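User: I would like to go through the terms used for this chain and see what each rests on.
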Amino acid sequence: MTSAHSKEDFETFMSQLKETNATLAFYSDFNKIGKNVDDIAISLNMLNFLLGKENLRKAVEALWKRDPQVFDVMDILIATRKKDKKKFFDENGDFRLVHSLFQSIDGVMEFLEGTGLAAVFQNSKIKDLVDYVFGVETGLDTNARKNRSGEITESLVASILSKAGIKYHTQVSSYNFSKVSEALGKDQKVFDFVIHTPVKTYLIEVNFYSGGGSKLNEVARSYTEVGPKVNNIEGYEFVWVTDGIGWNAARNKLEEAFYTIPKIYNLTSLKDFITTIKQETQS
């Protein structure tokens, strides 16, 4: 079987991998953070009543009498959420859900004293819980960066294609192409981009990995299998756009894919694919 690329091609590809694809918008999604805070802002404003109170239990009792539901949002004060179902080990040696404490005044006090928030509240180290939770949500939002990395890469590729005047479709299921669907069998996919030219239909996957991990090996193996299945169908070709220095940790698997998939590009060499598309469109 003829190799899709040479060893020299692969070394060039690896030398072009970028350290990061992060834009400033990558680090925090303030629209989502703001919405999360707004959703519980009324309760947080009511909980502000507890700040600076020397007799914290008396203040909790007064607020509980007014509206016990406001305590339902207190998980976020220790950077957890009700849906996370976080547990703790109590003084009796039992495991209990953190959120279960908010069903009684005694439970709320156990939460405040056990977490250390009681002293924080009494000493007025927090001035406003809405502002405080905005900071907590910003910290929690870092967990979503991995997903944003993929979204940013897709947006970047979309921008490059648009600037080049190339029309494309996004998030297209393989089921839309009967021959492709039949060839893939159990390996059905939703392709990040699809581009039609008078010559071929290109089914494109896009990703970026700034760090290593077992997922990279699995992705490379998967595309090594999917690529030939698509390419064996007349009028279709599989394209893989990937980048990121994370591939240095999965170099061997990427190299296997590189020799199998003719149209594999990084963000630097993507211009070569664009040239191909323009040539086919204008022919």
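User: How many bridges join strand E4 to E5, and do they run parallel or antiparallel?

Analyst: This is a predicted model, in which local features need pLDDT of at least 70, side-chain atom pairs count only at pLDDT 80 or more, and totals for chains, interfaces and linings use all residues. Residues are numbered from 1 along each chain as its sequence is written, and side-chain values use heavy atoms, with hydrogens and water left out. Four bridges join E4 (residues 190–196) to E5, and the two run antiparallel. Strands pair if DSSP finds at least two bridges between them, a strand being a DSSP run (E) of at least two residues, numbered from the N terminus. A hairpin of four residues links E4 to E5, and His-196 stands opposite Thr-201 in E5.

User: What joins E5 to strand E6?

Analyst: Eight bridges join E5 to E6 (residues 236–243), and these strands run parallel. Val-206 stands opposite Val-241 in E6.

User: Why is strand E5 called largely enclosed?

Analyst: Buried means under 20% relative accessible area (1.4 Å probe, protein chains only). Eight of the eight residues of E5 (residues 201–208) are buried, so the strand is largely enclosed by the rest of the structure. Thr-201, Leu-203, Glu-205 and Asn-207 point one way, Tyr-202, Ile-204, Val-206 and Phe-208 the other, and all are buried. In a regular strand, side chains alternate between the two faces of the sheet.

User: How much of the chain counts as buried?

Analyst: Of its 283 residues, 43% count as buried.

How values were computed
Buried < 20%, exposed > 50% of the residue type's maximum accessible area, 1.4 Å probe, protein only.
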